[in-house]
Amino acid sequence: MARDKIYSTVTRAKMAPISMALHPFCSHIICELPPLVEAHQQLPIIRLAVDVVIILVTRTPLNSVAVPRRSKNKSYRQSYRSCLGAASRLGLTPALTARRLNASRRTPKSHNINEKVNPEQLALLVKTEWQLSYVTPLYQFRHTQLKSYSRQLSAFIAAEKQQGLAVEVEGPQSSFRVSFSVVQGMVEADADAETVLIQIHSKPLFARQDEPQKTVWSGWLTCINGNPDYLRSLPQDFTCLPLFCSSGAEALTAAVKSWFQQMFDCCFGPLEISHTSLQWLVALWTNCHSESNIQHLKMVWTLPVVPPLQVTYTVSPQDAWELWSSVRKDPQEENRGGDEEEENSIDIEEVMRFIQGLKSHFYRHFRLDLSAGGLNQVSTALGSAKYSGRIKISNSRYMITTLTLLTECALLKMPI
């Protein structure tokens with residue numbers, strides 16, 4: 001690991017060759033940041049304090065067992081037909097075609113969401129790492145029937161358990177109780193459906209009778225600032241809650257998904273957070289530093305070499321903020337037309353310049369081009385996100401910004 005001050009992309013400098021040595025007791029590569037040899041003539045300089053860790057990633061053994069892909073079940077086929085078939089319930093509209101990630105977003109603003117959302121429910125959503133999935137529109141889902149859904153899902157899990165399916169959590173459980181609830185206030189646009197929270201409670205088989213049940217699984221479905229054209233194109237019998245977040249045993253997650261597929265003719269799919277979406281989070285979270293200290297900007301990159309290299313790249317918050325400010329467009333030039341919305345927005349060009357600045361810093365000192373690899377993980381004091389589809393929201397004031405991006409990603413992943 002090395003720590004030093006390095007120069008931004010607005011300077012040009014010749015650097016001494018980097019020294020790298022393999023640590024004898026681990027797979028880390030020790031990188032010593034060399035001193036600056038020759039600085040460029042009097043150009044504006046931005047210095048970044050950076051921590052770098054480069055790790056050799058071991059390859060999967062050749063004799064490892066590959067997990068077979070699950071075949072598309074009946075519910076999936078029904079849902080897919082309902083999206084694309086000529087006699088479908090959902091049909092095909094122009095609003096469903098030519099969709100792509102937005103090239104511009106509103107500047108993140110602090111929301112005192114505690115004024116709208118029950119603090120107890122909000123505490124369940126933040127500071128927990130969630131596994132993301134997308135889910136297609138739910139057919140004949142009713143927010144007024146949540147008590148009935150609680151009983152039905154409880155019975156479904158009990159039936160699965162009787163059939164010998166693996167739904168145990170940390171040892172044998174006496175029974176499972178499911179609760180559905182609406183997270184009132186967790187909406188931004190008029191077309192957004194109310195967020196639904198699902199919890200599964202249980203207690204060990206040999207627990208005392210007076211011992212309360214504990215939450216062994218949690219999940220929620222949400223839609224924050226969903227695409228209005230898409231939402232308006234849906235028939236009245238469909239409810240769109242495209243983002244599904246789960247935390248708990250995989251067996252219970254599978255049981256919940258299976259029940260939803262049978263009840264509401266929907267299908268689930270894994271939701272990875274793409275390289276571009278992670279770059280958006282880097283910029284959006286850094287932009288919040290002036291209002292809420294992000295404490296650090298940590299990125300994990302993977303380079304496709306043999307063996308693969310995993311690079312952990314940490315930048316101090318103030319230095320990241322100064323670099324971000326330097327690539328932002330001049331609000332006066334950007335707002336010549338007097339459009340306040342454009343003035344309070346971030347576009348993809350600014351994001352790319354910011355990321356390129358960070359990558360150029362790294363290349364100048366370590367002669368490793370991060371552009372050849374992929375961004376796999378991002379974390380700040382506001383939250384963390386991984387390419388594998390795991391997200392943790394640590395600050396509720398900016399969760400709307402994060403959930404808006406994730407909702408958009410979920411809608412783009414749907415097979416329609």
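Residues are numbered from 1 along each chain as its sequence is written, and side-chain values use heavy atoms, with hydrogens and water left out. Because the model is predicted, local features need pLDDT of at least 70 and side-chain atom pairs count only at pLDDT 80 or more, while totals for chains, interfaces and linings use all residues.

## Second largest pocket

The second largest pocket has a volume of about 870 Å³. Its lining holds 30 residues, and the closest to the pocket centre are Asn102, Arg105, Arg106, Asn225 and Thr404. The search runs on a 1 Å grid over the protein atoms alone; a pocket is an open set of points with protein on both sides within 12 Å along at least five of seven lines, and lining residues have an atom within 4 Å of a point. Grid points are joined across faces, edges and corners, and a volume is the space filled by probe spheres set on the points.

Four elements each supply at least two lining residues of this pocket: β7 (104–106), α4 (228–233), α9 (340–343) and α11 (399–413). Helices (H or I, at least four residues) and strands (E, at least two) are DSSP runs, numbered from the N terminus. Helix α11 gives the largest share, 8 residues. By class, the pocket lining has 9 nonpolar, 12 polar and 9 charged residues. Here Ala, Val, Leu, Ile, Met, Phe, Trp, Tyr, Cys and Pro count as nonpolar, Asp, Glu, Lys and Arg as charged, and the others, Gly among them, as polar.

Helix α11 is largely enclosed by the rest of the structure, because 13 of its 15 residues are buried. Buried means under 20% relative accessible area, exposed over 50%, and partly exposed in between (1.4 Å probe, protein chains only). The end C-alpha atoms of α11 are 21 Å apart, which agrees with the 21 Å that its 15 residues should span at 1.5 Å a residue. The expected span is 1.5 Å times one less than the number of residues.

Threonine 401 is found in α11. This threonine is buried, with a relative accessible area of 16%. Beyond its neighbours within four places in sequence, threonine 401 is in contact (heavy atoms within 4.5 Å) with Pro108, Lys109 and Leu284.

Leu284 is one of the buried residues of α6. Helix α6 (residues 275–287) has 13 residues and reaches 19 Å from first C-alpha to last, close to the expected 18 Å. The helix is mostly covered, with 11 of its 13 residues buried. Among them are Trp280 and Trp285.

Aspartate 229 lies in α4. With a relative accessible area of 47%, aspartate 229 is partly exposed. Alanine 191 is 38 residues away in sequence, and the two C-alpha atoms are 9.7 Å apart.

Threonine 253 lies in α5 (residues 250–264). It counts as buried at 10% relative accessibility. Leaving aside neighbours within four places in sequence, threonine 253 touches Trp217, Phe244, Ser246 and Gly248.

## Strand pairs

Two strands pair if DSSP finds at least two bridges between them.

| Pair | Bridges | Residues between strands |
|---|---|---|
| β16 (297–303) and β17 (309–315) | 7 bridges | 5 residues |
| β19 (374–380) and β20 (383–386) | 4 bridges | 2 residues |
| β20 (383–386) and β21 (390–393) | 3 bridges | 3 residues |

Strand β17 has 6 of its 7 residues buried, so it is largely enclosed by the rest of the structure. Valine 300 has threonine 312 in β17 as its bridge partner. Valine 378 stands opposite alanine 385 in β20. Glycine 383 faces isoleucine 393 in β21. In the hairpin of β20 and β21, glycine 389 takes a positive phi near 100°.

## Second largest cavity

The whole structure holds 2 cavities of 30 Å³ or more. A cavity is a set of points where a 1.4 Å probe fits but cannot get out. About 40 Å³ of space lies in the second largest cavity. Trp285, Leu382, Ile393, Asn395, Tyr398, Met399 and Thr402 line this cavity. Its lining has 5 nonpolar, 2 polar and no charged residues.
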